[in-house]
Amino acid sequence: MLKSSKRMERLLGFAGRYRYLTYFSWVGSAVSALLALVPFWYLWGMIREALAVAPDFSLAVHLVDYGWKALGFSVIAVLVYIASLLCSHLAAFRIAANLRMAMMERITQLPLGLVAQFGSGRLRKTVNEASAATETYLAHRLPDRAGAIATPLGLIGLLLVFDWRLGLLSLVPVALGFLVMMRMTGQKMRQKMTEYQNALEEMSNEAVEYVRGMPVVKTFGQTIDSFHRFRESIQQYGIWVIAYTKDLCLPMICYTVAINSVFVFLILGAFWLGGQVMTETFLLNLIFYCIITPIISVTMTRIMFQSEDAMIVDDALARMDQILTAKPLPQMTPMAHPQNGALDFSHVTFSYDGSNNALTDVTLSLQPGERVALVGESGSGKSTLAALAARFFDPQEGTVALGGADIRQISAKELMSQVGFVFQNSRLIQATLLENVRLGRPKASREEVLWALKEAQCSSIVEKFPQGVDTYVGPGGVYLSGGEQQRIAIARMFLKQAPVLLLDEATAFADAENEFYVQQAITKLSKGKTVLFIAHRLSTVASADRIVVLSEGEIVEEGTHETLLAKGGPYASLWAQYRRSLEWNIKKEERDNG
């Protein structure tokens, strides 16, 4: 757990000139807490005067004056507290905003491969919820902590100034409650808080992946069993929460009993001390202590929640640091510029975890304008090879070159202008169709966007909406099918006109009609470009200039469709499996149709 000074140094580093408002909020909250105790002094005076003149209360001439003074100090305490919260909120909002901007800026600098490894659900939770945790801590808990420190100091004075014996008895449950609270907020609790946040993060990430994979579930009639990781994350969270609740059940009961047992000690003290000599002053003090001591339980509960929130903030800072300290890919110098669309992999070795290689000593060259297909079993390294071409990662060994230039020497902006890609799960942003296509080239004219949509076989999509290209996509607008989204993504690539094109199973989520249009669009888009495409449906690779077969991260053979079939090697085996699967599906369809 971070020390309080270190934690505040980290947070206030994002406050700028607003840090002084944070300091003022602490002072204001402490002053407000002390002012809130003053009315109890006047209340004691009112009780004293009432007991002194009883039963003729008409002689109590100062009651109204004491009452107005108590009300006045209460109002002043509330106003000072509101002012301190206003200051703390202004500073907290600025810090939370700066943290989010810093994380988003860092995310834009990170390679897309690392962003994908983080997971969109995890990133969303960290950016939104972790920064929100700091806002709650700074805006509420820290001012309350200043008040919680000032309140016991003022209480100790009030408890001891009237009758020190009853005052000490009132502090016994405070000591007991503090011991139990230390048990609940110790090292074990900090570990539990980390486990809790991990469980929430895992559920969030898997939930996002589950929703994204829903088209597959619906297409193939699958059930929740297909997403066992999401189910397991929910089950594990449930198991953890139940165990954690049971673990804290007894300590929480003991804590609640302890801080609410002050009346027991006061009553026992009254029997013991009052039995010796019951005076008017002793009775006055006893009544006053019974009125003021409930503040103790409120103060102790505030301190407990502040300790919990401190652990939440420490965990949030650690998670934000995973983003803020993540390193962008290094830029080698001197800078270089690609001369053409040639793509070369030279002795490339890459591992995601540093132990098991996804690619091992791969050497592959694509000439400008050549169409090369990557095939192989799942996990053979196809997508990894394509990711390295776009510099989503850097290989641990070997080099990747574009147009004769090492891609590490090409600026990120220029590299992205030279490489276009269409993945199997292309996404649209919440904007118009026009704005979605313009992502390919933000300064493109409306006419150029319309041309790209036409070339990408999107005319039928645009024409079915009254607003045409100005149709809004997303909540409040329209939703497109997976195949239609792919065609819009391809329109972006038409607008971008990058010389190198990476395609990763671009027709995976398309129905028969959309697949036809997507294939037509890709055929047009690929003309004159260097194309590296991944396909699981082997029917789409037969026309490739060259087919490269990967197995366990290595190239096992390459050649044309006819050449590889004649060799009778791994590709021929994959092709035979593919043909058998087609025959099985045809026979199954015939059986289903009766």
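What follows is a tour of a sheet, the helices on it, a helix pair and the cysteines. Keep in mind that this is a predicted model.

Let's begin with the sheet. Strands of a sheet pair through backbone hydrogen bonds, in either a parallel or an antiparallel sense. Here we have an open sheet of six strands with mixed pairing, and reading across it the order is β6-β7-β8-β3-β9-β10. At the edges you'll find β6 (419-422) and β10 (554-559); each has a single partner strand, so one side of each has no neighbour in the sheet. From one strand to the next, the twist averages 20°.

Now zoom in on β3, which covers residues 371-375. On one side, β3 pairs with β8 (residues 530-534) in the parallel sense, over four bridges.

Carry on from β9 and the sense of pairing is antiparallel: five bridges join β9 to β10. Within that pair, L550 sits opposite I555 of β10. As for what packs on the sheet, helix α14 (residues 382-389) touches β3, β6, β7 (500-504), β8 and β9, and its direction makes about 150° with that of β8. Helix α19 (residues 482-496) packs on the sheet as well, touching β6 and β7, with its direction at about 170° to that of β6.

Next, a helix pair. Two packed helices are described by the angle between their axes and the distance between the axes. For α3 (residues 38-53) and α4 (residues 63-109), the axes come within 8 Å and cross at roughly 165°. Because angles over 145 degrees count as roughly antiparallel, that is the label for α3 against α4. The crossing of α3 past α4 is left-handed. Contributing to the contact are, among others, V38, P39 and Y42 from α3, and L63, Y66 and G67 from α4.

Finally, how many disulfides are there? The count comes to zero, going by cysteine sulfur pairs within 2.5 Å. Looking at individual cysteines, C87 has a relative accessible area of 12%, so it is buried, and C458 counts as buried too, at 0% relative accessibility.

Methods: Residues numbered from 1 in each chain as written. Predicted model: local features only at pLDDT ≥ 70, side-chain atom pairs only at ≥ 80, totals over all residues. Heavy atoms only, no water. Buried < 20%, exposed > 50% of the residue type's maximum accessible area, 1.4 Å probe, protein only. Helix = DSSP H or I, 4+ residues; strand = E, 2+ residues; numbered from the N terminus. Pairing = 2+ DSSP bridges. Axes fitted to C-alpha atoms, helices over the stretch in contact; angles between N-to-C directions. Parallel < 35°, antiparallel > 145°, perpendicular 65-115°, else oblique. Left-handed = near helix turned anticlockwise from the far one by under 90°. Contact = heavy atoms within 4.5 Å.
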